[in-house]
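Please keep the sequence and the structure in view while reading.

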Amino acid sequence: MNLLLINPHIEYAPLFPIGLAYLSSLLKRQGVQVHCLDLCFIRKEQHQELIRDKIVAENIDTVGIGGLSRNFFNIKDALNHARKARPGIRTLIGGALFSTEPELVFNELGADFGIFGEAEEAVSE
């Protein structure tokens with residue numbers, strides 16, 4: 001697996017994506033190739049190009065993203081950009097957004113996989 005973890009664009013008080021950092025570290029120790037893209041401080045007009053360039057340059061086959069419910073549309077946009085860059089790319093969603101309304105969010109975002117609860121625990125199993 002060649003995974004791209006995306007921190008979605010956040011319009012309010014952006015924070016370091018500590019959850020993605022933990023997950024990235026764990027997956028790397030398990031031998032997964034992990035790449036990260038932080039869209040937090042990037043203008044939305046640049047997102048599609050940045051996501052496409054990263055997916056192509058690193059030959060990404062899976063994209064993971066998560067966040068809070070207020071990030072829903074930015075998460076949806078990022079997943080759509082990834083699907084345009086590589087049709088058929090596997091998509092994984094998690095975070096509080098998915099954990100609070102898994103069925104609704106899973107269906108609305110059309111993800112291939114979802115992680116309910118702590119991703120670190122799920123990938124360790």
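Arg-43 and Glu-45 join their side chains in a salt bridge, with 3.2 Å from N to O; the term stands for a side-chain nitrogen of Lys or Arg within 4 Å of a carboxyl oxygen of Asp or Glu. The model is a predicted one, in which local features need pLDDT of at least 70 and side-chain atom pairs count only at pLDDT 80 or more, whereas totals for chains, interfaces and linings use all residues. Residues are numbered from 1 along each chain as its sequence is written, and side-chain values use heavy atoms, with hydrogens and water left out.

**Salt bridges**

- Arg-52 and Asp-53 form a salt bridge in which the closest N and O atoms are 3.3 Å apart, with Asp-53 partly exposed at 37% relative accessibility and Arg-52 partly exposed at 38%.
- Asp-61 and Arg-90 meet through their side chains in a salt bridge of 3.2 Å, N to O.
- This pair links distant parts of the chain, 29 residues apart, since Asp-61 is in the loop between α2 (47–58) and β3 (62–66) and Arg-90 is in strand β4 (residues 90–94); helices (H or I, at least four residues) and strands (E, at least two) are DSSP runs, numbered from the N terminus.
- Asp-61 is partly exposed, at a relative accessible area of 28%, and Arg-90 is partly exposed as well, at 35%.

- Strand β1 (residues 2–7) is largely enclosed by the rest of the structure, because 6 of its 6 residues are buried.
- Asn-2, Leu-4 and Ile-6 point one way from β1, while Leu-3, Leu-5 and Asn-7 point the other way, and all are buried.
- With strand β2 (residues 33–38), β1 pairs in the parallel sense over 6 bridges, and Asn-7 stands opposite Asp-38 in β2; two strands pair if DSSP finds at least two bridges between them.
- With β3, β1 pairs in the parallel sense over 4 bridges, and Ile-6 stands opposite Ile-65 in β3.

**Nonpolar surface patch**

- Phe-16, Ile-18 and Tyr-22 make a nonpolar surface patch of about 360 Å².
- Phe-16 is found in the loop between β1 and α1 (18–29), and its relative accessible area of 59% makes this residue exposed.
- Patches are made of residues with over 30% relative accessible area and no salt bridge, with like charges joined within 9 Å and nonpolar side chains (Val, Leu, Ile, Met, Phe, Trp, Tyr) within 5 Å.

**Largest pocket**

- The lining of the largest pocket comprises 32 residues, of which Gly-19, Leu-20, Gly-66, Gly-67 and Gly-95 lie nearest its centre.
- On a 1 Å grid over the protein atoms alone, a pocket is an open set of points where a 1.4 Å probe fits, with protein on both sides within 12 Å along at least five of seven lines, and lining residues have an atom within 4 Å of a point.
- The largest pocket has a volume of about 710 Å³.
- α1 gives the most to this lining, with 5 residues.

Terms used: Buried means under 20% relative accessible area, exposed over 50%, partly exposed in between (1.4 Å probe, protein chains only). Accessible areas come from the Shrake-Rupley method with a 1.4 Å probe; for residues, only the protein chains shown count as cover. Grid points are joined across faces, edges and corners, and a volume is the space filled by probe spheres set on the points.
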